[in-house]
Amino acid sequence: MKITDSMQCDIWYQALLERAVEFTGVFFVGVKTTGVFCISVCRARKPRRENVEFYNDFKSALDAGFRPCKVCRPTENARTAPAFVEQALRLLREAPKVRLSDSELRQHDISPERIRRWFLQNHGITFQ
């Protein structure tokens, strides 16, 4: 679905400019001037704000007539989790019956708040 909330789009545009890893797969940006759509970490030249449209899934971007970017390959790389999420999942796999506390996450340099936000945004549930 195309996202029309200007405040949300401004946040996502800033994430696109910063190549924010934590937004990978959260949104897809269609570039009107080139006809391609990308994910937040794309290293291609950044478009101007008035030339982009935001979508919450890549199917919507495809339906709108955009093709996948050959640089970031959004259809292949959209669901890869950021490194801090992979690290937390690795900790869970090592001890699946143990609940990870906030202090344990911090000991491994993982922000509990950040991981909860990421899971809520991407999966609709918190990490713990």
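**A tour from the core to the sheet**

Begin by selecting Trp 12, Phe 23, Phe 27, Val 29, Cys 38 and Phe 54, which touch the most other members of the 25-residue largest nonpolar core. Such a core is a set of buried Ala, Val, Leu, Ile, Met, Phe, Trp, Tyr and Cys residues joined through side-chain atoms within 4.5 Å; buried means under 20% relative accessible area (1.4 Å probe, protein chains only). This is a predicted model, in which local features need pLDDT of at least 70, side-chain atom pairs count only at pLDDT 80 or more, and totals for chains, interfaces and linings use all residues. Residues are numbered from 1 along each chain as its sequence is written, and side-chain values use heavy atoms, without hydrogens and water.

Next, select Val 29. Contacts (heavy atoms within 4.5 Å) link Val 29 to Leu 16, Val 36, Phe 37, Cys 38, Val 52, Glu 53 and Phe 54, leaving aside residues up to four places away in sequence.

A second, separate core of 11 residues can then be displayed; Phe 84, Leu 91, Leu 105 and Phe 127 are among them.

Turn now to the open sheet, whose five strands follow the order β1-β4-β2-β3-β5 with mixed pairing. Strands (E, at least two residues) and helices (H or I, at least four) are DSSP runs, numbered from the N terminus; two strands pair if DSSP finds at least two bridges between them. At the edges, β1 (2–3) and β5 (67–68) each pair on one side only.

Select β1 together with β4 (residues 52–55): the two run antiparallel and are joined by two bridges. Ile 3 has Phe 54 in β4 as its bridge partner.

Methods. Buried < 20%, exposed > 50% of the residue type's maximum accessible area, 1.4 Å probe, protein only.
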